[in-house]
Amino acid sequence: MSDLDIQVPTTYDPFADANAENSGAGTKEYVHIRVQQRNGRKSLTTVQGLKKEFSYNKILKDLKKEFCCNGTVVQDPELGQVIQLQGDQRKNVSSFLVQAGIMKKEQIKIHGF
């Protein structure tokens with residue numbers, strides 16, 4: 001019987017690979033673009049996760065001018081600075097960030113309904 005290779009089942013952790021990839025926390029930072037429903041048909045687009053070395057007010061000024069909408073920069077205690085824009089501007093903001101060279105397409109996550 002020693003000729004047969006018998007495999008003894010061992011414990012396998014399916015999350016070991018995922019934990020190994022995430023061990024370098026913060027190495028892959030994402031920009032999150034979300035839409036929030038207000039009242040009726042009104043909506044609000046939020047952009048969070050931009051690097052701190054960027055001037056949020058200059059980016060906001062360009063976004064407002066490009067998309068003909070109003071917006072503001074809000075200071076959140078947990079998330080830091082967040083850009084808010086009127087309307088559903090998710091696709092517009094993502095294409096703007098890529099074309100301006102601020103972020104790569106792989107670093108942008110679009111959330112919403």
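Which residues are buried in helix α3 (residues 90–99)?

Reply: Two notes before the answer. This is a predicted model, in which local features need pLDDT of at least 70 and side-chain atom pairs count only at pLDDT 80 or more, while totals for chains, interfaces and linings use all residues. Residues are numbered from 1 along each chain as its sequence is written, and side-chain values use heavy atoms, with hydrogens and water left out.

Now the helix. The buried residues in α3 are R90, V93, S94, F96 and L97. "Buried" stands for under 20% relative accessible area, "exposed" for over 50%, and "partly exposed" for anything in between (1.4 Å probe, protein chains only). Helices (H or I, at least four residues) and strands (E, at least two) are DSSP runs, numbered from the N terminus. Look down the axis of α3 and its buried residues fall within an arc of 160°, so they line one face of the helix. That arc is taken from the directions from the helix axis to the C-beta atoms. Turn to the face pointing away from the buried side, and you'll find the exposed residues K91 and Q99. Just after α3 comes G101, with a positive phi of about 80°.

What does the buried side pack against? The partners of the buried α3 residues are β1 (31–37), β2 (43–48), α2 (56–67), β4 (80–86) and β5 (108–110). Contact here means heavy atoms within 4.5 Å.

Zoom in on V93. Leaving out residues up to four places away in sequence, V93 touches I33, V47, L63, F67 and L85. V93 also turns up in the largest nonpolar core, which has 18 residues; L50, L63, I83, V93 and L97 are the ones that touch the most other members. (A nonpolar core is a set of buried Ala, Val, Leu, Ile, Met, Phe, Trp, Tyr and Cys residues joined through side-chain atoms within 4.5 Å.) Two or more residues of this core come from each of β1, α2, β4 and α3, and α2 gives the largest share, five residues.

That makes α2 worth a visit. It has twelve residues and reaches 16 Å from its first C-alpha to its last, close to the 16 Å expected at 1.5 Å a residue; the expected span is 1.5 Å times one less than the number of residues. Y56, I59, L60, L63 and F67 are buried in α2. Down the axis of α2, these buried residues fall within an arc of 100°, so they line one face of the helix. The opposite side of α2, turned away from the buried one, carries exposed N57, K58, K61 and K65. The buried residues of α2 pack against β3 (71–76), β4 and α3.

F67 and Q89 are 22 residues apart in sequence, yet 8.0 Å apart in space, C-alpha to C-alpha. After α2 comes C68, whose phi is positive, near 55°.

R90 counts as buried at 14% relative accessibility, whereas D88 is partly exposed at 39%. Their side chains meet in a salt bridge (2.8 Å, N to O), and the structure holds one salt bridge. The term covers a side-chain nitrogen of Lys or Arg within 4 Å of a carboxyl oxygen of Asp or Glu.

T45 sits beside this stretch. This residue of strand β2 is buried, with a relative accessible area of 0%. A polar atom of the T45 side chain lies 2.5 Å from the backbone oxygen of G87, and one lies 2.9 Å from the backbone nitrogen of Q89. Not counting residues up to four places away in sequence, T45 touches several residues, including D88, Q89 and R90.

Finally, step back. The protein has three helices and five strands, running α-β-β-α-β-β-α-β from the N terminus. Of its 113 residues, 26% are buried. Among contacts between residues at least 6 apart in sequence, 50% join residues at least 24 apart.

Conventions
Polar contact = N/O pair within 3.5 Å; in protein donor to acceptor, adjacent residues only side chain to side chain.
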